Amino acid sequence: MTAVNPSGWRPATPVAGEGSATATVTGNRALMLEEPLLFEIGRRDQTGVDVAAAGEGESRLGGLERGGVDLPGLSEPEAVRHYTRLSRQNYAIDLGLFPLGSCTMKHNPRLNEKIARLPGFADIHPLQPKETVTGAIELINRLAFWLIDLTGMEGVAMSPKAGAHGELCGLLCIRAALEARGDARQVVLVPESAHGTNPATAAFCGYRVENIPATAAGRVDLEALKARLGPDVAAVMITNPNTCGLFEPDMKAISDAVHAAGAFVYCDGANFNAVVGRVRPGDLGVDAMHINLHKTFSTPHGGGGPGSGPVVLSKALCPYGPLPYTARYADGTVKLIEEEDAGEEMPDSFGRMVAFHGQMGMFTRALSYILSHGADGLRQVAEDSVLNANYILRSLEDVLDAPFAHSGPCMHEAIFSDKGFADGFSTIDVAKALIDEGFHPMTMYFPLVVHGAMLIEPTETESKANLDQFIAALRSIAERARAGDAALKEAPIYAPRRRLDETLAARKPVLAYRTPAPDGADSGEGAGIGGG
Ligand SMILES: *Cc1c(COP(=O)(O)O)cnc(C)c1O
C-alpha cells in the first residue's frame with residue numbers, strides 16, 4: 001500500500017501480475033483511468049454539501065447515538081468523477097453484445113424510456129389518492145390484459161418485483177390452494193434442467209425439494225417424473241424453455257400427470273421471450289408462471305435491478321392470488337382488485353406481497369414495448385431470438401462441443417461444453433479471453449447438467465454483423481483452448497485487473513474498508529469488495 005501524501009494524491013501502485021513497472025506516473029493509460037477506492041481519495045475535512053453546523057440541542061436518543069461513521073468526504077467534482085470513471089470500466093448492453101445465457105440482455109428501446117419519463121407517470125406517488133392516478137391504474141390493467149392474453153391464463157398478480165419473487169408468489173398461491181382443501185403436501189419436484197432459483201424458492205417456502213433427472217437429450221425425464229408423483233407432492237416446477245435452451249415438448253403430458261396426482265404445475269417463464277406469441281402456457285396446463293418483464297419485455301436490468309416479475313395464474317389458482325390482483329372477467333375485461341373490494345371478489349387471497357403495486361416504471365416501459373411491437377412484432381421477437389441463437393450454435397459446433405445439438409434446434413440460447421479443450425483448459429479461460437475481445441463473458445458452469453457449460457443468449461436485438469464478430473472472436477478463442485495455447489491462461493491482459501481470486505472474494509468478502517497498517521503491511525486477510 002503506497003502512503004497517501006497530504007493532498008491525497010498517491011503515486012500509482014503497480015497492478016498485480018503486470019511486472020514491477022507501470023507505464024505511466026498516474027497509472028492511467030490514456031482514456032483508461034485508474035481509480036482508487038472512495039476511501040483512499042476521500043478526506044474527512046471536505047464534503048460536497050454545505051450544511052450549517054447543527055446548533056446545541058438536547059439528544060433524545062437515550063444514549064444510543066453513534067460516533068462518526070467515518071465516511072470519506074469528497075467535493076462534488078471528485079464524487080462525480082469517481083463514479084463516472086468507475087462507470088467507464090463497466091460493460092453494458094449499450095456498449096456491445098452481452099451474451100449472458102438465461103439473462104436476456106437485449107437492447108432497451110429508447111422509446112420506452114421516453115414514455116416512462118412522461119410526468120403523468122414519472123411524477124406520481126403511490127400514496128396519492130386513487131382518483132388522481134386513474135391513468136396509472138388503467139396502464140396496469142392494460143399491461144395485465146396483454147400478459148393474460150399472451151399466456152392464455154385467467155388472471156395476473158402484477159406486484160412481484162423479480163423472477164424469483166414471482167416464484168415465491170406462485171408457490172404461496174399453490175400452498176393456499178392446497179391448504180383450502182386441507183391438504184398438507186410437503187414436496188416440490190424440480191427437474192435438473194430448472195433454473196437455480198426454483199429449488200431455492202421451494203426451500204424458502206418450507207417445501208422439501210426433490211430432483212428429477214434430465215434425459216440425455218437435456219429434457220425432463222417424463223417417466224421418472226411420473227414415477228415420483230404421489231399424494232405428498234404439492235407442485236412440480238418446470239423451466240420452459242429450460243436452462244439447456246430447449247423447449248420441453250412433453251409439457252402437456254407433464255401437466256396432465258401432475259394434475260391427475262392432485263398437484264400443481266409451476267412454470268418458470270423467465271425465458272418467455274423465446275416463445276411469446278407462439279405458445280400460450282395456459283394451453284399447456286400451467287397453473288402459475290412468472291414473466292420477467294426485464295427479460296421478455298426489454299425493461300432495463302443488470303446491476304441488481306429493478307426487475308419485475310408478474311405471475312399469471314390458472315382458474316384453479318386465481319382465487320388465492322395476492323392483492324393487488326388483476327382478474328379477467330367473462331366479458332374479456334380485466335380489473336384491478338385491491339383490498340377494499342377483496343371481501344367480495346377475492347375472499348381467499350393469500351394477502352399482500354409488496355407495499356404498493358409493484359415496479360410502476362417497469363410496467364410503463366413494458367407496455368410501451370408491447371404496444372410498439374404489436375402482436376405480430378412480439379411473435380417476431382421470439383422467432384428472431386431463436387434464429388440468432390441457432391446461428392451461433394451452428395456456426396460454432398465444429399470448434400465447441402454442443403451437447404444437445406443432435407436433438408434439434410435450440411430455443412433462445414445455445415449451450416456448449418469444454419469437452420475437447422487441451423488438458424488444463426476450461427470454460428473460465430474462454431470467458432476471460434472474451435473480455436480481452438471486448439465482450440461480456442457468457443453464463444458459465446451453468447446449468448450443472450453440462451460439464452463446463454457455456455450458455456450463450458444473443459437475443460434478437462443483435463445484427464448479423466454483431467453476431468459474426470462475436471462468433472469470430474469465440475471461434476479463435478475456442479481454437480486456442482483446443483490447441484492448449486498457454487497465452488490463453490494469461491487472459492485478460494487488456495482489462496484494468498487481471499485474473500482475480502474470485503473464489504476468495506466470494507468466500508471471504510471484505511465488506512468494510514480497513515485503513516492500511518502504517519508500515520504498509522496488508523491488514524486484510526481476504527479479497528473482494530473494499531480489499532486494499
Ligand atoms: C432470470 C431467471 C430467473 C430469476 O429472475 P430474477 O428476476 O433474476 O429473480 C429465474 N428463472 C430463469 C429461467 C431465469 O432466466
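The following legends describe close-up views of a predicted model.

**View 1. Residues around the ligand.** The ligand is surrounded by 14 residues, and the closest are Ser102, Gly163, Asp268, His294 and Lys295. By class, this shell comprises three nonpolar, eight polar and three charged residues. Helix α6 contributes three residues, the largest share of the shell.

View 2. An oxygen atom of the ligand lies 2.7 Å from a backbone N or O atom of Ser102. The side chain of His294 places an N or O atom 2.7 Å from an oxygen atom of the ligand. A nitrogen atom of the ligand, in turn, is 3.3 Å from a polar side-chain atom of His195. The ligand taken alone exposes 380 Å², of which the protein buries 85%.

**View 3. The nine-stranded sheet.** This open sheet has mixed pairing and the strand order β3-β2-β4-β5-β6-β7-β1-β9-β10. Its edges are formed by β3 (208-212) and β10 (334-337); each has a single partner strand, so one side of each is left without a neighbour in the sheet. From one strand to the next, the twist averages 20°. In general, the strands of a sheet pair through backbone hydrogen bonds, in either the parallel or the antiparallel sense.

**View 4. The pairing of β4 with β5, and helix α9.** Five bridges connect strand β4 (residues 233-239) with strand β5 (residues 264-268), and the two pair in the parallel sense. Within this pairing, Val236 stands opposite Val265 of β5. Helix α9 (residues 251-260) packs on the sheet and touches both β4 and β5. The direction of helix α9 makes about 145° with that of β5.

View 5. Helix α5 (residues 134-151) lies across β1 (155-157), β6 (288-290), β7 (311-313), β9 (325-328) and β10. Relative to β10, helix α5 runs at about 120°.

View 6. Three strands form an open sheet in the order β12-β14-β13, with antiparallel pairing. The edge strands, β12 (414-416) and β13, each pair on one side only. Strands β12 and β14 run antiparallel and are joined by three bridges. Ile415 stands opposite Leu455 of β14. Helix α12 (residues 360-396) packs on this sheet, where it touches β12 and β14. The direction of helix α12 makes about 30° with that of β12.

View 7. Most peptide bonds are trans, and most residues other than glycine have a negative phi. The bond that joins Asn240 and Pro241 is cis, with omega about -5°. Pro241 is located in the loop between β4 and α9. A cis peptide bond also leads from Phe446 to Pro447, with omega near 0°. Pro447 belongs to the loop between β13 (443-444) and β14 (454-456). Ala30, a residue other than glycine, has a positive phi, near 50°. The position of Ala30 is in the segment before α1 (38-41).

Terms used. Residues numbered from 1 in each chain as written. Predicted model: local features only at pLDDT ≥ 70, side-chain atom pairs only at ≥ 80, totals over all residues. Heavy atoms only, no water. Near = heavy atom within 4 Å. Polar contact = N/O pair within 3.5 Å; in protein donor to acceptor, adjacent residues only side chain to side chain. Areas by Shrake-Rupley, 256 points an atom, 1.4 Å probe, with all protein chains shown as cover. Helix = DSSP H or I, 4+ residues; strand = E, 2+ residues; numbered from the N terminus. Nonpolar A, V, L, I, M, F, W, Y, C, P; charged D, E, K, R; others polar. Pairing = 2+ DSSP bridges. Axes fitted to C-alpha atoms, helices over the stretch in contact; angles between N-to-C directions. Contact = heavy atoms within 4.5 Å.
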